[in-house]
Amino acid sequence: MAVRVRTVRDLEEFGAAIGAIGHYFGWQPTPEDAERFSALLPFERMLAVLDNGRIVAGAGAYPLELTLPAGPVPCAGVTVVGVLPSHRRRGLLRRMMESQLDDVRERGEPLAALWASEETIYGRFGYGLATLALHVEAKRKQLRIRPELPREGTLRLIDQDEAIRALPRVYERVRKRTPGFLSRSRDWWETRRLGDRPENRRGAGPLVRALVERDGSPVGYALYRIAQEGATFAEWTKTVRVVEVLGVDDAAHRDVWRFLLEIDWTDTLRTDQMPVDDALPLLVDRVNELGLRIYDGLWVRPVDVPAALAARGTAGDGRVTVEVTADPQFPDNVGTWTLEAGGRVRRSSRRPDVRLDVQGLGSALLGGFTFAQLARGGRAEEGARGGVARADALFRVDRAPWCPEIF
Ligand SMILES: CC(C)(COP(=O)(O)OP(=O)(O)OC[C@H]1O[C@@H](n2cnc3c(N)ncnc32)[C@H](O)[C@@H]1OP(=O)(O)O)[C@@H](O)C(=O)NCCC(=O)NCCS
């Protein structure tokens, strides 16, 4: 088989390359779809596999920033990965993943991150599970925000023009300080988060934008759609499909949730992008009615280990020494690294506090898993007495990392 991996050259190739994943959504991208998509994903970040000149697979990487505990850092947002079923299990994914990671490294992005269609695919390429996502399938009528908790903001439904001005202000405040968040350009807001093309509604109604304000400033929002099922009045069930909920502080978060749970004549509320330490279970008096489940969230791949550690920073004074025992692609990531307060990183001959492979480091980087958890799960080992506790003290985070959007 004469197969070649290279970046796409024009819009037609771009459309065919994203069409490989499109196959699995029953979606054949039109030239307009390809054009819209390519505004976010440049041609030079979109790989295609050609078999005798025909595109049979694709994989892209958005140029983004990912927030680590010390702040945002450049990150390749891996996306639209697909191999047509006619070409599966012949190593095409492997070729694309390796070529993409080489490119990420050349560009100086210390990290790559993705959402996995299946949890079994990406560990072999060095991606570690870095965040968990809390899913809610709530029986809305049984739920309310505890009435003794005060309502502090006012809420309005707003149009698209106002949303494009107000929502990024809320998002940016949260993004800068919340590990797991990704940067969003104006195009991203317009096409992705606030984009409301009928084909993306999947049986639901139009996107509703609800804004919470305090003292005239935006402090929180919800994006949602209402879906109705059932043929007759007696059979109707209504679901609030929440796309995103965000508040700059606890009061704003509470105000948004109170609004969502009070939407009359709806039965169920669903969302699948919440942090695992969200306050919601404590804000209601019937936690079991929330229908909580936990899924895998963002997968993170340290591409340049010293740069990733430096960008990650420490939670206090002192130093932590980590031995990276294996990396499936970049041998120079392997070795012992000491990270000091202020983000200084150097190769070290010290005895490591912890040992783990690059995938394990990906799981630790955002603070989604402690080294103690990783050790309990067989994904890290203590290197020196008390090392795991020392490393955990310096990697401590105040809140669980989370990523509010699948990309
Ligand atoms: C998942 C997918 C991209 C794999 O592509 P592929 O070209 O068949 O994969 P490769 O032949 O390169 O396989 C590389 C390795 O991954 C493994 N692998 C591939 N798909 C896997 C899966 N779904 N689950 C577990 N392992 C998988 C292969 O067994 C192989 O393992 P090895 O390195 O131990 O030999 C392809 O099946 C696909 O397009 N699936 C549907 C869309 C999808 O899920 N895309 C991913 C979006 S995040």
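**Exercise 1.** With which side chain does the side chain of T338 make a polar contact?

*Solution.* The model is a predicted one, in which local features need pLDDT of at least 70 and side-chain atom pairs count only at pLDDT 80 or more, while totals for chains, interfaces and linings use all residues. Residues are numbered from 1 along each chain as its sequence is written, and side-chain values use heavy atoms, with hydrogens and water left out.

Begin by placing T338, which is found in strand β16, residues 335-340 (strands are DSSP runs of E with at least two residues, numbered from the N terminus). Next, list its contacts (heavy atoms within 4.5 Å): leaving aside residues up to four places away in sequence, T338 touches R319, V320, T321, R344, V345, R346, S348 and R350. Finally, look for a polar contact (a pair of N or O atoms within 3.5 Å, where within protein one must be able to donate a hydrogen and the other to accept it, and residues adjacent in sequence count only if both atoms are side-chain atoms); the partner is the side chain of S348, at 2.9 Å.

**Exercise 2.** Determine whether T338 is buried or exposed.

*Solution.* Buried means under 20% relative accessible area, exposed over 50%, and partly exposed in between, with a 1.4 Å probe and protein chains only. T338 has 0% relative accessibility and therefore counts as buried.

**Exercise 3.** Find how many disulfides there are, and examine C75.

*Solution.* With a disulfide taken as a pair of cysteine sulfur atoms within 2.5 Å, the count is zero. For C75, the nearest cysteine sulfur belongs to C403 and lies 9.5 Å away, and C75 is in no disulfide. C75, at 0% relative accessibility, counts as buried.

Terms used. Helices (H or I, at least four residues) and strands (E, at least two) are DSSP runs, numbered from the N terminus.
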